[in-house]
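Please keep the structure open while reading.

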Amino acid sequence: MRLVIVTGMSGAGKSVALHHLEDADYYCVDNLPLSLILPFIRIASDGRDVEYTKFAVGIDVRSGLRQADFERAAAEMKKGNIRYEVLFLDASDETLLKRYKETRRTHPLQARAGGSLEKAIALERQQLSFIREKADYIIDTSKLLTRELRTELIRIFVEDRNYRNLYITVQSFGFKYGIPADSDLVVDVRFLPNPYYEAALRPLTGNDPPIERYVMSHPESRVFIEKYVDLLNFLIPNYIREGKNQLVISVGCTGGRHRSVVMANAIAARLAGSHPEYGVRIDHRDVDKDGERKEGGHVIFGRGEERAGRDGSGREALPDC
């Protein structure tokens, strides 16, 4: 039997996660009081109608989640030989604020916080800190599309892949439009030869083979990739050890259409190939600017998948609040 306790910040995607797990043949129930978990498992697994072996239970501040209650329920499950895993869905405060404003829903702690959404989010984060520390899996949905979250859930709870609680975003950008505010690491590739000055290449982007061949034909490009990925291979395990679960690597050139796109693609592909246990996605922030073509967006790397998506205002938001 497998029991997944789905919890986390309100608005981070818990309901969406439960829907995906239900599609994967988990028996799911949301907003269940902790005291009812054991009776629920016993009734649902007695085999009278359908004998379920996989369960997902959503718990959060709506059901009065408290540390003492959770520890009591955990002790009872241990006594009953019921093993469980905790999935914690998280997102940045800025993302949660945006989602609540877009959906116009009320945060469950907003009344207790004097009507302030910001204070409600801060209060919930404080109340859930104990269970976040106990979580087996932490997924930060700040940058994830709904289908990307589904991919990670299937990977963990259906395919039983190893998961290291780290999601890596490699994004290209143009310095002329500013450095992305969410960057953890920023690297400047303006030292590479610029295809912009080749008239035939100028209208293209780094996603086009001619631009990729031009940039990668220079030895300094290949040396850079080797050295930078080697540095990342050193940094990533240390970030994980310090509890980091979201890493944003920003690669910049002048306009964000040529060199940075090629380099970001190469870095993401190398990381996905050498670290299949991590989620790796790539986002080209400025690839559509100052150009005639509109083929930007992002691509998900890893596990043999490569799928085009949407960026900017076309992003599919996680609707759960």
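Asp90 touches Met9, Ala12, Arg125, Arg132, Ile139, Asp140, Thr141 and Ser142, leaving out residues up to four places away in sequence; contact means heavy atoms within 4.5 Å. The model is predicted: local features need pLDDT of at least 70, side-chain atom pairs count only at pLDDT 80 or more, and totals for chains, interfaces and linings use all residues. Residues are numbered from 1 along each chain as its sequence is written, and side-chain values use heavy atoms, with hydrogens and water left out.

**Asp90**
- Asp90 lies in strand β4 (residues 84–90); strands (E, at least two residues) and helices (H or I, at least four) are DSSP runs numbered from the N terminus.
- With a relative accessible area of 5%, Asp90 is buried (buried is under 20% relative accessible area, exposed over 50%, partly exposed in between, with a 1.4 Å probe and protein chains only).
- The side chains of Asp90 and Arg125 are joined by a polar contact of 3.0 Å. A polar contact is a pair of N or O atoms within 3.5 Å; within protein, one must be able to donate a hydrogen and the other to accept it, and residues adjacent in sequence count only if both atoms are side-chain atoms.

**Phe173**
- Strand β6 (residues 167–174) holds Phe173, which is buried at a relative accessible area of 0%.
- Phe173 and Asp286 are 113 residues apart in sequence, yet their C-alpha atoms are 5.3 Å apart in space.
- Beyond neighbours within four places in sequence, the contacts of Phe173 include Pro180, Val186, Cys253, Arg285 and Asp286.

**Helices α1 and α7**
- The axes of α1 (residues 14–23) and α7 (residues 146–157) come within 10 Å and cross at roughly 55°. Axes are lines fitted to C-alpha atoms, for helices over the stretch in contact, and angles run from 0 to 180 degrees between N-to-C directions.
- That angle makes α1 oblique to α7 (under 35 degrees is roughly parallel, over 145 roughly antiparallel, 65 to 115 roughly perpendicular, the rest oblique).
- Val16, Ala17, His20 and Leu21 of α1 meet Thr146, Leu149, Arg150, Leu153 and Phe157 of α7.

**Helices α8 and α10**
- Helix α8 (residues 209–216) packs against helix α10 (residues 259–274) at about 85°, with the axes 10 Å apart.
- The two helices α8 and α10 are therefore roughly perpendicular.
- Ile211, Glu212, Val215 and Met216 of α8 make the contact with Arg259, Val262 and Met263 of α10.
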